[in-house]
Amino acid sequence: MLNTTSIVCSTQGCWGSDKLRLQLCGGAVFHPTIHRIECVQGVVKAPGQTGRISSVDITKIPKAVASEFSTDEMPEARTASTYDERMLANYVPVYVMLQLGVISNDNVFEDRPKIERQLKELRAAGVDGVMVDVWWGIVESKGPKQYDWSAYRSLFALVQECGLKLQAIMSFHRCGGNVGDVVTIPLPKWVLGIGETDPDVFYTNRKGNRNEEYLTIGVDSQPIFHGRTAVQMYSDYMKSFRENMSDFLEAGLIIDIEVGLGPAGELRYPSYTGTQGWIFPGIGEFQCYDKYLEAEFKEAAMNAGHPEWGLPDNAGEYNDTPASTEFFGLNGTYLTEKGKFFLTWYSNKLINHGDEILDEANKAFLGCKVKLAAKIAGIHWWYKSPSHAAELTSGYYNLKNRDGYRPIARMLSRHYAIFNFTCLEMRNSEQRADAKCGPQELVQQVLSGGWREQLEVAGENALSRYDSNGYNQILLNARPNGINKDGKPKQIMYGVTYLRLSDELLKDKNFKTFKTFVKKMHADQDYCADLGMYNHQIGSLERSKPKFTTEELLEATKPIEPFPWGEETDMKIDDFEGVIGNLIRKLFSMFK
């Protein structure tokens with residue numbers, strides 16, 4: 001009896017259309033029949049007994065065979081396809097953040113050959129797409145409504161040529177001063193000029209120090225920017241982006257628009273910044289002492305019947321610990337009626353800020369086949385302290401008995417926006433004990449809240465990692481309860497963006513591990529170009545739903561038990577070199 005092997009030839013990139021199966025016997029081809037075509041570029045795949053697929057060079061199969069194919073559909077081919085479609089439901093796409101300065105300060109796409117080479121390496125590794133900051137300070141640098149998108153158009157065209165998808169960030173913040181910022185890209189010069197005559201347009205701490213990283217929420221509705229408010233400037237920018245990138249949007253290149261809502265593009269206050277002396281794990285400082293926010297708080301306190309209440313004056317400084325302050329200490333001000341009022345106002349201002357800008361983004365991109373997204377910071381230090389001080393100064397009113405993230409998720413849900421969270425790679429055991437960090441519990445809480453609000457939840461690593469431990473933690477968070485061989489898992493992240501593309505990432509050993517990570521994120525499936533195959537098809541963006549009332553947002557603050565998490569991922573990357581090294585050390589120690 002002859003031993004036969006089925007070979008599947010793929011021409012598009014994933015299971016889905018017609019698959020070509022050849023019956024091989026001792027290297028010869030016999031009576032080939034078309035079942036379905038799986039696409040892999042120039043590779044024929046042979047399923048072994050375990051169902052895993054090994055590659056075979058397509059050039060070894062005579063091209064003349066193609067003329068003999070029958071178009072009969074075989075029942076067993078449908079069964080195999082169904083299994084792979086079920087596995088594709090576990091597929092989590094991977095994107096890579098491009099360099100911060102890929103477009104220079106003077107609006108030039110400078111190093112195209114190098115970027116092209118890197119993009120092709122990413123595509124060959126199975127990466128689904130890339131993310132890029134589209135800097136307000138670069139595009140609208142010459143004057144109000146004087147937009148120059150030419151350099152970004154060149155970059156987008158290259159990404160398209162390389163077969164990658166694109167996540168575009170509307171970056172309304174300054175680059176420089178945050179962890180990982182290797183270049184400085186300020187806000188538009190004409191905006192900074194307004195700040196010279198009216199410094200209160202910037203976030204301000206209690207000592208009066210200004211932060212030029214992002215315009216204060218206090219000017220969202222102030223028409224002081226040549227007749228426009230801050231929100232109107234952001235809206236005009238996004239409308240211009242749609243007009244000038246309409247061909248890329250229509251072609252499906254741009255899959256989501258992440259709307260920058262604060263420093264580092266995150267919906268938060270700039271409570272911790274190296275430019276003002278903050279060092280990890282300082283609690284940070286409240287940023288609401290500009291004249292605009294001070295006036296708003298005074299009005300709010302008066303309406304609440306407490307005109308005597310002022311902004312906090314006992315919350316410490318950037319590098320304090322919670323216990324060293326009256327506000328965050330044992331039985332601190334944050335637990336009093338006055339403290340609760342302030343924290344509710346402070347966090348609600350942030351949520352309303354995000355809500356207004358996302359509403360403008362929704363109007364700007366209405367009808368486009370694209371998703372909106374917003375990024376939330378992973379403030380994991382002091383998470384295990386009673387006051388959660390670092391989260392509170394950032395605007396996340398999160399305590400043991402109050403969920404500070406689900407109201408944000410609820411707000412995002414009305415705009416059909418993706419909830420993008422950070423610090424996916426971090427484990428508690430890697431953190432300083434004295435900082436009472438809880439990245440694992442924080443991620444579990446935030447992702448669970450997003451899923452409970454029926455959101456698509458995505459994420460990023462906070463710091464660049466090249467080791468298997470960091471990747472395995474991301475894999476665990478992407479599918480907290482592992483692979484579901486019967487279809488889509490109950491909890492699965494919508495996508496993960498790796499931060500960031502660099503020469504270090506592309507080094508041999510690092511890139512080898514990264515490629516394994518991508519494969520595991522794809523549930524051991526090949527790269528799939530068809531978003532619909534893993535339930536990511538994107539329809540036309542609908543108009544935002546009605547605005548939530550304050551009561552509806554406050555209802556979401558009730559803490560709910562997070563979903564269960566596995567101890568470790570079932571798609572683990574084994575660090576074989578590390579394992580072998582440990583074995584050798586143990587062997588040597590036995591003979592000492």
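Which helices each supply at least two residues of the lining of the second largest cavity? Hold that one for a moment. First, a word on the model. It is predicted.

Now, the cavities. Searching the whole structure for cavities of 30 Å³ or more gives two.

Start with the largest. Its volume is about 140 Å³. The lining is made of 17 residues. Closest to the centre are Tyr 95, Gln 167, Asp 256, Ile 418 and Tyr 494. Find those five on the structure and you have found the middle of the largest cavity.

What about the strands? Four of them each supply at least two lining residues here: β11 (254-259), β12 (371-376), β13 (418-421) and β15 (495-498). β11 gives the most, with three residues. By class, the lining of this largest cavity has nine nonpolar residues, five polar and three charged.

On to the second largest cavity. This one has about 80 Å³ of space. Its lining counts 14 residues. Nearest the centre lie Ser 347, Ile 351, Arg 402, Gly 404 and Pro 407.

Back to my opening question. The helices are α9 (337-364), α11 (406-413) and α15 (550-555), each with at least two residues in the lining of the second largest cavity. Which of them gives the most? That is α9, with four residues. The classes in this lining are eight nonpolar, five polar and one charged.

To recap. The largest cavity takes at least two lining residues from each of β11, β12, β13 and β15.

Key:
Residues are numbered from 1 along each chain as its sequence is written. This is a predicted model: local features need pLDDT of at least 70, side-chain atom pairs count only at pLDDT 80 or more; totals for chains, interfaces and linings use all residues. Side-chain values use heavy atoms; hydrogens and water are left out. On a 1 Å grid over the protein atoms alone, a cavity is a set of points where a 1.4 Å probe fits but cannot get out, and a pocket is an open set with protein on both sides within 12 Å along at least five of seven lines; lining residues have an atom within 4 Å of a point. Grid points are joined across faces, edges and corners, and a volume is the space filled by probe spheres set on the points. Ala, Val, Leu, Ile, Met, Phe, Trp, Tyr, Cys and Pro count as nonpolar, Asp, Glu, Lys and Arg as charged, and the others, Gly among them, as polar.
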